[in-house]
Structures are given as C-alpha cells and as structure tokens.
Amino acid sequence: MKTINSIYIVDDDPITVFGIKKLLSNVIQCDGVESYGNGKLAIDAIKEVLSNQKSLPDIIFLDINMPIMDGWQFLEEFIQLSINEKVRVNIITSSIDPADLERWEHYRNNSKHLITYNNKPVKREKMQEITKAV
Amino acid sequence: MLSNHSNLVRNYNKVLKNPQLQTANYLVKQLPTATAFLSSKLEVVYASDHWIDYFNFDDRNVFGKKIFELFKDATQSWQKTLKDCLKGKESSTGIEHFVDLDQKDRWFEWTNIPWHDENENVIGVILQTEDVTRRVENETKLDRQQVLYNEKAKVAKIGSWYFDLAEQKLSWCEMTKKIHQVPDDYVPNIDTAIDFYKQGHSRNTIALALNKAISQGIPWNEKLQIVTTKGEERWVMAAGKPIYKNNQIVTIFGTLQDINDQVSAEIKTKESERLLRTLIDHLPLNVFIKDVNSKKILVNKAESDFLGFDHPRDLLGKDDFDLLPRKTAELSFEEDQKVMNSLKPILGKENTCEKHDGSITTFLTSKIPLIAIDGTAKGLVGISLDISNIKQKEEELRDLINVTSLQNKKLVNFAHIVSHNLRSHSANFSMLLDFLVNEKNVEEKENIVKMLIEASDNLLETLDNLNEVVAINTNTNLDKKPIVLNEMIHKVTQNLQAFLKTHNATILNNIDDNIVLPVIPAYLESILMNFITNAVKYKDPSREPIICLNALRTNGQTEVEITDNGLGIDMNKYGDKLFGMYKTFHNNKDARGIGLYITKNQIEAMNGKVMVCSEVGKGSTFKMYFNENN
C-alpha cells in the first residue's frame, strides 16, 4: 500500500479546514497537510510543484464555493495538467444542488484522477474511506 | 263632291229624257264623275267611263249585269239602301270596301239617288261613287294613334288635364281620373284638384306652381304626393305648362304620371342602401371593397377612421400605396392579386399593418374575391378585425408567464442558496460538536468552543443576509415614487464624503437634473451606495479612483451608467456569477459576496434590470435600466 505523503485542503472556510485536519489526524498519519484559501492558490502551488519536479499531493480536499477561483474552475485547470500519478480529489461540500452533482459526473468521467463527491459533515468512517491511496 | 246631287239628277233626267238613247248613253259615258244608272232590277243601264275604269270593269260586259253580281261583297246596309231607293227613299251614302287588281285595299263612298221618269215614277237608282281610300286610311291611322296614345297613357300611367282660364273649367282625362281613383263621371274643379295633393310640401308646391304658371307663365315639373279618394298615398310626376293665344295665357295644360311604384322602389332601395351602410359603418370591423387594381371602391367608417380620414368617400379610388408605407402596401397588394388570380379567399389571416406614423396594428384579415359572370375576379371584399388589444393581452400574458417563471427560478435558486448556506453551517456545528464530545484535551476543547462561537456568528450573519434578501423580494409592493436621480446621488455622495476623501476618489456626474426615476427611494439609495463603494473598494492600486455617472432616456426607458477605473472583472470567468450570493472575485478582506446580490434583487424588485461590462485592468461599467411605466 502506498503511503500518503502530501494532502492539500482547498477551502476558504477555516472551520472546515480545521475539521478536515482534525479528522485526518484521527485516521491517517501524514505530515504534509497544506491548506489553500481558494482554487487559484492551490493550482498555483501545484503548478510550482510540477515545475520544480517535487512531489504532488496524493489527496486533495476541494470545496466548491470559493472566491477568485471555485472548485470547478480549479478542476477544469487541474485535469489539463500533465500529471503521471493518479490523484484522489475529494469534493467536500454542503451543496445538494443537482447541477453540482452533474458537474461532478462530468469531471469524474473526463479525468484519470479519482474524484469523489462528499456532503458535509464528513464522518470518521467516511474520512477513512476517502483517504485510502489509489 | 256628291253634295249637289239633286241638281245632278235633274240634269241627268234632262239628258235621259232625250228619246235618242244613244245620245243619252254617250252623255253618261262622258260624265266627269263615277256614275252608274241602275234599272228597277238593279241592272246597270248606263255607266260613266270613270265608273267603269275605277272598278276595272272594262273587260267585262258591265251593262245589263246586276249590281250585286259586280259587287259580290256588298254590305247588307248598301244592299238595303239600294232597295229602299227603288221604293223612292231619298238619297243616302255609305262606304264600301273592295280589293283592286293590285290586291290593294280600297274604299269608295257611294251615293244612291232614286231615278225618276218624267212622271216622277221611280224607274231605277242613280249610283255615284267616290274613292275615299286615302280618307279612310287617314281616319284609321288617326284611330290607331288615338288607341296607341290611350294605351301608352295607360301603360306609362300618364294622365292629362287642362284648365280653361276664361271658364275656370278643369278637365281630366280618363287616366287622370284613374290615378285619382275617382269614377269616370267625376267632375273636377281647380280647388278639389289641389286638395288631392298631400297636405304640406306637395299641396304647397302645386298651389304655388299653378299660381306661377297662371300669373307668370312658368311651367312646372314636380315629384309630389297625392292622396286618392280611397285614401291611398301616391307619388306622381305633376307637370303643367301655359298655352298662349294672342299672347294671352288661355289654358294650362298638364300631365300627371303615376310614379308611385318607381318612387316606392327607389325609397325601398335607398332604405336598404342606408341599412347596409349603417350596418357596415357600425361594424367593429374594417370593411373594404377593392377593384382589380386594388383601388378601394367602398370602405366603411372603421376603415376610414383607421386610416385617418374624415369620411369613407375620401378613400375611394385610392390604393394601399397612397395610404400606407411601401412595404405594407406591397404585401397587401401581392395578397390581393393572389386572391383575385386564384379566386380562392384568404380567411382569418393574421397580418400586421404599419402606418406612416410607425404605429403597428394587428389584424385578422379575410379577403374574398368578387367573381363576375365571366368567371374572373372583378375585385375583392376585405374584412379586417383589429386584434391589437388581444395581441397585447397575449403579450402581457406571455410577459407575466416569463416574469413568473423567472421568479420561480429565482425562488428555486434562493432555496438552494438557503439550503446550501444553512447546511454548511449546520455541518460545521455537527462536526465541531462531534469533536468536542470526543476531545479529551482541555486546550483543544477550548479551541473547539471558540470555533463553535465563530460558526454561530457566521450563521447569524448568514441569516441576516438571507432575511434582507427575503425582505427585498417580498416588499415589492413598497410604494414607488418618482425620485430626481441627482438629488439621490447628492445625498449618497454626502454620506460617503469621508470615505471618498480618504481614498481620493472623484465622482464625475454628467446626469441631467431632469432625470426622474420611479423607484423605492431606500433601494435606490442602497444601490447607488453599493456601486459607488464597490468602485472605490476595488480600485486599481496604481491610480486614483474616478467614478463617472451618466443617464440616458430612450423610448420610455432610462439607462443609468456607473463607470469606474478600478480593477475590472474577468467577465469570461465570473460573468455568470457576478451577481450571485457569496461570490467574491478579489482578494479583498471585506468582500462578503452579498452586496451585488442584494443590489440586483433591489433593482429587479423595482422592475429594473442590471447589466455589467468590464475589463481587467481598465474598470467596470454597471448599467441599470428602469422603465417609466413598469
């Protein structure tokens, strides 16, 4: 089993970031947890990692509604990047809008990465499931 | 002439008493009149050449022949008078008919006188004849003309009359009496004759006309009404003219024609025409009849009103090219020709008609070809129903449906926003409480409680925001008032004076003082405040903020423009989210993502519209549109 070395949390809500970090600490041992306030900051970080040939995150927790660049715009750019590894992207949202589910379907089917859709709040069992390596 | 026959007989006797019979015969032969002497047996004894020639007897042996052998068709009355004559009865005359050699009808008048001997004994009859063919023919002709005249008078119902001024005597012909429905023995006089005319116009007119004819010699010809003895009212053509003798009016001669049937028919026709006219003029439809060249030959009041004419007759002879813009006229003309060429009517077709003033009317038009006896169309009847009102109602209904579905969409959208926001907060609560329950570390517990308080504050703020949005959308019945835009701008800039000064912001107001908007004042204030503060908040750090205000009034709509030179927004990325709730687009700490959402709701609550165009690095322009009448 592949160990999880790096996790990105992309969310503008500090409480959610705190919550995810706390849940993570209970289910997984990972020192490399980074958080980004919006999609733009996250995608810039990933692009920099790629250009420096450093290691990419294994798991990305992604919020949808964010300023500057939202979750969908982030995904749009992310799936275009040439990344060899398969990355797990866990969408964490309180949205139950069917339109959002449709968009998730769209990205899931058009990407080699593993993209999951999770409604808040995320329980411990769920967190265990979505932090498994792919 | 035969008038002198007694003298003649005396002369004959003298001659015939002559013992020389040959001489007597010779003398009679040469008589200048057609004369024959008949014996007591009515045999021809002597005859003049004239007599024999006249009847073409020369080929036969006339002498010694009985007279009725010569005149086989002799009438009974002639036969009787000849026999009477033998008995000594004095002369009598009569007319006989015979057919001559050329098969022509001839008439002769005979005169029979007894032929006495010297002892005054009747020894025969002296017969004289005279050709009266021409006279008889003339008389027949006259008779025929009289008959013809009577017949004509009867058919044309023309009676005549004359009034003898000297004797003050009025005479009516048979027909005149018939028209008055009086018996044939009726004796009219001038006063009763005038009394036959209907009281009022007719009687006054005839009395005056008669008076003028007698005193000034003026003839008349008037259409008047009489009342017959049977009490029937009749239209008559009464004419009269004076007859002069030695420069003096002696008689007034006149005719009276019964024209009741014609006038009644005329009145009836006029009545039905008026009925038809009244009907088509008061139909709530435009009715028109066009000839083969699409020129109008009949239009009703509705059509002339529609085309802006005072009277339907002003439109006659005009075509659509004279009345309507070229494009409309061409379409109508093509349609006319199609109907007349195909002979197929167009029924209930929806048409729009644009007039010169630009107004557009929607019609439901039918065009029906008028087919002549030869099977070709000689024109068409058009009927147009103005359905603009219905059309407008339809449009309003459609607008209402659009507004409703838009509102419905907004509601669904709002429901999602509420659900999303409340869910995200409740998820945080749930998560944090879960942590708190399971946390052993006191320090961490405190940390979690702090976060719970923060989450609670966030929830309250969200609820406040949602409340505000609900209020805007439910208080649409707040009274709108006409507000002078510049007064409101002045108020807002006064309130923002310190804020604008701090940021060195300049406001360039180009709005005319006349611009008035029908708005809810509090909303307009909030909207202006929001746009102006946004323009300053999202200023470009490299330049001082300048805000330009403009307004433009067009077609019952006022456009208000607010242009800044700030950061600008990437419309490709954010265009569809700009006015969304909790959407922020800049790294601005104050941004809550609620301002533009509320602004948009406020504008729409006042039936306005908002649009934006923007370019990153140059600035943004927000445009609001307000209708003058909702």
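**Note on the predicted model of chains A and B**

1. Ile92 of chain A stands opposite Asn118(A), a residue of strand β5(A).

2. In chain A, five strands make an open sheet with parallel pairing, in the order β2-β1-β3-β4-β5. At its edges are β2 (32–36) and β5 (114–119) of chain A, each of which pairs on one side only. From one strand to the next the twist averages 15°. Asn118(A), opposite Ile92(A), is thus part of β5(A), an edge strand.

3. What lies across β4 and β5 of chain A? Helix α4 (residues 98–109) of chain A does, and its direction is at about 165° to that of β5(A). Angles over 145 degrees count as roughly antiparallel.

4. Chain A as a whole has five helices and five strands. Read from the N terminus, these elements follow one another as β-α-β-α-β-α-β-α-β-α. Chain A has 134 residues, of which 40% count as buried. Taking the contacts in chain A between residues at least 6 apart in sequence, 80% link residues that are at least 24 apart.

5. Helix α2 (residues 39–51) of chain A and helix α3 (residues 71–78) of chain A have axes that come within 9 Å and cross at roughly 20°. At that angle α2(A) is roughly parallel to α3(A), because angles under 35 degrees count as such. The crossing of α2(A) past α3(A) is right-handed.

6. Which residues bring α2(A) and α3(A) together? On the α2(A) side they are Gly39(A), Ala42(A), Ile43(A) and Ile46(A); on the α3(A) side they are Gly71(A), Gln73(A), Phe74(A), Glu77(A) and Phe78(A). Sorted by class, this contact of α2(A) with α3(A) comprises five nonpolar, three polar and one charged residues.

7. Chain A also touches chain B: 15 residues of chain A are in contact with 20 residues of chain B. On the chain A side, helix α1 (residues 14–27) gives the most, with five residues. That side of chain A consists, by class, of six nonpolar, six polar and three charged residues.

8. Helix α16 (residues 485–495) of chain B packs on helix α18 (residues 521–537) of chain B at an angle of about 55°, the axes being 10 Å apart. This angle makes α16(B) oblique to α18(B). The crossing of α16(B) past α18(B) is right-handed. From α16(B), the contact takes in Met488(B), Ile489(B), Lys491(B) and Val492(B); from α18(B), Leu524(B), Glu525(B), Leu528(B), Met529(B) and Ile532(B). The contact of α16(B) with α18(B) has seven nonpolar, no polar and two charged residues.

9. β20(B) has partners in two strands. Strand β19 (residues 546–554) of chain B pairs with β20(B) over eight bridges in the antiparallel sense. Strand β22 (residues 619–627) of chain B is antiparallel to β20(B) and is joined to it by seven bridges. Thr563(B) figures in both pairings: Cys548(B) stands opposite Thr563(B), and Thr563(B) stands opposite Thr621(B) in β22(B).

10. β19(B) and β20(B) form a hairpin, with two residues between the strands. In the turn, Asn555(B) has a positive phi of about 45°.

11. Is Asp357(B) buried or exposed? Asp357(B) is exposed, because 7 other C-beta atoms lie within 10 Å and 12 or fewer count as exposed. Asp357(B) is in the loop between β13 (346–354) and β14 (360–371) of chain B. Its C-alpha atom is separated by 9.4 Å from that of Pro325(B), a residue 32 residues apart from Asp357(B) along the chain.

Note on methods
Residues numbered from 1 in each chain as written. Chains lettered and ligands numbered in written order. Predicted model: local features only at pLDDT ≥ 70, side-chain atom pairs only at ≥ 80, totals over all residues. Axes fitted to C-alpha atoms, helices over the stretch in contact; angles between N-to-C directions. Helix = DSSP H or I, 4+ residues; strand = E, 2+ residues; numbered from the N terminus. Parallel < 35°, antiparallel > 145°, perpendicular 65-115°, else oblique. Left-handed = near helix turned anticlockwise from the far one by under 90°. Contact = placed C-beta atoms within 7 Å. Nonpolar A, V, L, I, M, F, W, Y, C, P; charged D, E, K, R; others polar. Pairing = 2+ DSSP bridges. Buried ≥ 20, exposed ≤ 12 C-beta atoms within 10 Å, placed from the backbone.
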